[in-house]
Amino acid sequence: MRRRPGRGWGRVAGLAGTLIPLGFTAALFVAPLVALVVRALDDADAVSPWEAWRRTDALHLLGVTVGQAALSALLAVLVAAPIAWLVATVDFPGALLFRVMVTLPFVLPTVVVGVIFRALGPGFSGLGGILAAHVFLNVAVVVRVVSSVWQQIDPRAVEAARSLGASPWRAFRDVVLPRLVPAVAAAAALVFLFCSTSFGVIVILGDGKVRTLETEIYQQAVGYFRIPEAVALSFLQIALVVVALIVSRRFARGVPAVSDRGGRRRRPRGPGWLPVVVVLLWAALLLLVPIVTLVIRSFRPGGRWSLNGFRVLDGDGLGDSVLASLWYSVTSALAAMVIAVLIGTLAAVMMTRRRDVIARLSGALAVLPLGISAVTLGFGYVVLSTYLPRWFGQSSLLIPAVQALIAIPVVIGMVAPALAQVPAARREAAAVLGAGPLRVFATVDLPMIRRSVGAAAGFAFIMAIGEFGATTFLARPNTTTLPVMIGSLMSRPGADNFAAAMAASVILVAVSAVVVALIEVASPPGGLINEGRR
C-alpha cells in the first residue's frame with residue numbers, strides 16, 4: 001500500500017509540537033522549583049518548614065495576603081458592575097476608545113501602577129492605596145468576563161418578564177442576575193488570584209508596613225539571604241495560588257463560551273442617555289484621572305512645569321542607563337513575544353487535536369506558570385544558577401525566555417478556543433488532498449485564527465515589557481528592563497529620582513496604550529481578556 005505523501009514528516013512535526021512545549025516548560029518552570037527544594041534541603045542552616053514559617057510569622061503574612069486579595073476582588077466587582085453593564089448593553093459613540101481605556105490599566109506594569117498612585121499623593125499609600133491600585137488594575141477583568149456573558153442574554157427575555165408585570169429590578173434579579181452569577185464568581189476568583197501574587201504595587205505603596213507572602217519571599221531571599229525561610233514561604237505561596245487557580249477554573253466552567261447569539265447593544269434615546277453619561281464619568285474618574293495625573297505630575301515634578309524628569313532620557317544623569325533599559329526592554333519583549341507565540345500556539349494545537357497522555361501533560365505544564373508567582377520563579381532561577389555554569393545566569397536570552405514562559409498561558413488561552421472553532425471537516429478535506437499537517441495548519445487553521453494569534457502576540461509583548469517580579473531577580477547592569485529601572489528609582493530618595501520614575505512610567509503607559517488599541521482592533525469577539533491570564 002502506498003504511503004500518503006508527508007505522513008512521515010507529519011508524525012515528526014506532531015512529535016516535535018508536543019515535546020517542544022513540554023521541554024521548554026520543564027526546563028524553565030520545573031527546574032527552578034526543584035532547585036528551590038534541593039537548596040533548602042542542602043542548606044547547612046536548613047530548618048523544617050514549620051520552623052521557617054514560625055520565624056517569618058507566615059500565618060500573619062498569609063492572612064494579610066488573603067485579606068487584601070479578597071477585599072480587592074470584592075471592590076473590583078462592585079466598582080466594575082456599572083461599566084460591565086455599559087459595555088454589554090449600550091451602543092454609544094467612541095466605544096472602541098472606551099474599551100481601550102478600560103483595558104489599559106490591566107496591562108500596565110504593576111510597578112507603573114504603583115508610581116501612578118504614588119503620584120496621586122500621600123493619601124494613596126498603605127493598605128488603602130494598595131486596594132485602590134488593585135481595583136484600578138483589575139476592573140478590566142471583571143468588565144470583560146461579565147460583559148461577554150451579559151451581552152449574550154437576549155433582551156426579549158427581560159421584556160417578557162416586564163410584560164408580565166415585573167418591575168425593572170425584579171426582571172433583572174430573576175432573568176439577568178442568575179445568568180451572570182457564574183461570570184461574576186469567575187471574575188472575582190481571577191482578581192483574587194492576581195492580587196494574591198501582587199508584588200510591584202505592594203512594594204511601592206506598602207511603605208514597608210504592608211507585608212505579604214510575595215514581598216516577604218523577596219525580603220528573605222535578597223534582603224536577608226535566608227534561603228530556607230524564603231523557600232518555605234515560596235511553597236506556601238504556591239499552595240495558595242494553586243488553590244485560587246483551581247477555584248477560578250471551577251467557576252470559569254460555568255461561564256458560557258462567547259458566541260454571536262444573544263442580545264445586541266442598543267443605542268439609548270432621550271433620558272436613556274443619562275445613566276450612560278453617569279457611567280462614562282464614573283469610568284473616567286476611576287481609570288483615566290490617575291493616568292492623566294501621572295502625565296501632569298511628570299511635567300510638574302516639583303510643582304512647577306519642567307522637563308527635568310525627561311531630561312534623563314536625553315543623556316543627563318541616568319540618561320544612558322534609561323535609554324539602554326528602554327532599548328533592552330523593547331528587544332527583550334519582542335523576543336519573548338516570538339517565543340511565547342510559537343510555543344503557545346504549538347501547545348494549543350496539541351491540546352485541541354491530540355488526546356494522548358504526552359499531549360495533555362505538555363498542555364498542563366504550559367499553563368501551570370499562570371499559577372506560580374513571578375517572584376517565586378525569579379528566586380528559583382537565582383538558586384538554579386548556582387548549580388549551573390556561569391554563562392546561564394549571564395545569558396541575554398534568560399530574561400526573554402522567562403518572560404515568554406509567563407506569557408505562554410495567555411497565548412494558549414486565546415489561541416486554543418479559536419482553534420477549537422475551526423471545522424474538522426476542512427482539515428480532513430485538505431489532508432485527503434495530500435496536504436501534510438504543516439500545510440493544513442498554514443492553509444486551513446492559520447487564516448481562521450490569525451486575529452487571535454495577533455491579539456495573543458500583542459498581549460505577550462505587553463506582559464513581557466512590563467514583567468517586574470521575576471526580572472527583578474534576573475536583571476544585570478546590561479539586562480535591566482525599564483520596570484526594574486523604575487523600581488530602582490522609586491527606592492532611592494530624592495525628588496529627581498521620583499521625577500525620572502514618573503517620566504519612564506509615562507513612556508511605558510504610552511507604549512501599552514498603543515499596543516492595546518491595536519489588539520482591540522485585531523482581537524476576535526470576546527476581547528482581550530479571556531479565562532485565566534496575567
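A nonpolar core is a set of buried Ala, Val, Leu, Ile, Met, Phe, Trp, Tyr and Cys residues joined through side-chain atoms within 4.5 Å, where buried means under 20% relative accessible area with a 1.4 Å probe, counting protein chains only. The model here is predicted, so local features need pLDDT of at least 70 and side-chain atom pairs count only at pLDDT 80 or more, while totals for chains, interfaces and linings use all residues. Residues are numbered from 1 along each chain as its sequence is written, and side-chain values use heavy atoms, leaving out hydrogens and water.

Let's start with the core. The largest one holds 166 residues, and Ile83, Phe98, Val139, Phe379, Tyr381 and Ile486 touch the most other members. Helix α18 (residues 398–420) gives the most to this core, 17 residues; helices are DSSP runs of H or I with at least four residues, numbered from the N terminus.

Now for two residues and their contacts, meaning heavy atoms within 4.5 Å. Neighbours within four places in sequence are set aside in the table.

| Residue | In contact with |
|---|---|
| Val139 | Val79, Ala80, Ile83, Leu286 and Leu287 |
| Glu214 | Thr197, Ser198, Phe199, Gln237, Ser373, Ala374 and Val375 |

Glu214 sits in helix α10 (residues 213–223) and is buried, its relative accessible area being 1%.

Finally, a helix pair. The axes of α6 (residues 126–150) and α8 (residues 168–196) come within 9 Å and cross at roughly 145°; axes are lines fitted to C-alpha atoms over the stretch in contact, with angles from 0 to 180 degrees between N-to-C directions. Residues making this contact include His134 and Trp150 of α6 and Phe172 and Arg179 of α8.

Technical notes:
Helices (H or I, at least four residues) and strands (E, at least two) are DSSP runs, numbered from the N terminus. Buried means under 20% relative accessible area, exposed over 50%, partly exposed in between (1.4 Å probe, protein chains only).
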